[in-house]
Amino acid sequence: DEAITSVFGDEGNNMTMIQFGPTIYDLVEIKGSIGYFHGEATRVSASGASSSQEDALNLYPVALDITGRLDVLPEQPVVPFAGAGVDYFFWREVWEGSGGGGDGTIKGGKPGWHQTYGAHILLDTFDQPRASRLQAVTGITDSYITVEYRTQKIGEELSGLKFSAETLTFGLKFDH
């Protein structure tokens with residue numbers, strides 16, 4: 001969204017997310033996720049000039065999706081996947097000096113959807129003895145590095161802020 005990038009920029013805006021859910025026969029995952037983003041910057045006037053007033057944006061995204069995995073071989077080193085889901089972004093913006101000397105706050109929520117494509121890279125293939133110990137101690141049967149490309153359209157049909165983006169995500173996945 002141009003309003004967001006004019007204040008917070010379009011780089012270095014990292015979000016933390018955690019996903020959880022069951023896997024059915026190593027082929028289908030049903031996942032829920034929650035996330036958090038906090039960005040701080042200085043406000044920008046209508047003419048584009050930076051001010052000395054501080055501005056903070058918090059996002060709390062939640063999502064539900066279904067993912068198909070091509071995990072067909074035992075101890076398959078790379079598992080491609082694709083998925084789709086629905087999202088809802090709760091947001092809150094707080095800034096200094098709303099004209100009358102006090103602070104301002106605005107908040108809301110935006111619905112949307114996403115598509116994902118990527119691969120899980122099996123870590124067990126790199127150190128099998130450590131993977132066996134991990135399974136014995138914690139019950140984690142497989143651990144992966146995940147690389148995911150995500151396209152999301154959030155708030156496109158509504159007026160106001162839009163949280164649509166294309167992202168590249170890296171993470172860890174543990175099967176229990």
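Lys 31 is buried, with a relative accessible area of 9% (buried means under 20%, exposed over 50%, partly exposed in between, using a 1.4 Å probe and protein chains only). That residue is our way into a predicted model, in which local features need pLDDT of at least 70, side-chain atom pairs count only at pLDDT 80 or more, and totals for chains, interfaces and linings use all residues. Residues are numbered from 1 along each chain as its sequence is written, and side-chain values use heavy atoms, with hydrogens and water left out.

**The chain as a whole**

- The chain has two helices and eight strands; these are DSSP runs numbered from the N terminus, with helices being H or I runs of at least four residues and strands being E runs of at least two.
- Starting at the N terminus, the order of elements is α-β-β-β-β-β-β-α-β-β.
- There are 176 residues in the chain, and 32% of them count as buried.
- Take the contacts (heavy atoms within 4.5 Å) between residues at least 6 apart in sequence: 60% of them join residues at least 24 apart.
- The accessible surface comes to about 10,600 Å², and carbon and sulfur atoms hold 60% of that (areas come from the Shrake-Rupley method with a 1.4 Å probe, and for residues only the protein chains shown count as cover).

**Around Lys 31**

- You'll find Lys 31 in strand E3.
- Its side chain makes a polar contact of 3.2 Å with the side chain of Thr 67; such a contact is a pair of N or O atoms within 3.5 Å, where within protein one must be able to donate a hydrogen and the other to accept it, and residues adjacent in sequence count only if both atoms are side-chain atoms.
- Leaving aside residues up to four places away in sequence, Lys 31 touches Gln 19, Phe 20, Gly 21, Ala 63, Leu 64, Asp 65 and Thr 67.

**The nonpolar core**

- Eight residues make up the largest nonpolar core: Phe 37, Leu 57, Leu 59, Phe 89, Trp 91, Ile 154, Leu 161 and Phe 163.
- Strands E4 (50-69) and E5 (78-95) each supply at least two residues of this core.
- A core here is a set of buried Ala, Val, Leu, Ile, Met, Phe, Trp, Tyr and Cys residues joined through side-chain atoms within 4.5 Å.
- In soluble globular proteins, nonpolar side chains tend to be buried together.

**Rings and a charge**

- The count of aromatic pairs is three (ring centres of Phe, Tyr or Trp, the last by its six-membered ring, lie within 6.5 Å; planes under 30 degrees apart are stacked, over 60 edge-to-face, and the rest tilted).
- One of them is the tilted pair of Tyr 36 and Tyr 60, at 5.7 Å centre to centre with 40° between the planes.
- That pair links distant parts of the chain, with Tyr 36 in strand E3 (residues 28-44) and Tyr 60 in strand E4, 24 residues apart.
- Tyr 36 is partly exposed at 39% relative accessibility, and Tyr 60 is partly exposed at 34%.
- Elsewhere, the charged end of Arg 69 sits over the ring of Tyr 144, 5.5 Å from its centre; the rule asks for NZ of Lys or CZ of Arg within 6 Å of the ring centre and within 35 degrees of the ring normal.

**Two positive phi values**

- Most residues other than glycine have a negative phi.
- Tyr 25, not a glycine, has a positive phi of about 55°; this residue is in the loop between strand E2 (23-24) and E3 and is exposed, at 74% relative accessible area.
- Glu 75 also has a positive phi, near 55°; Glu 75 lies in the loop between E4 and E5.
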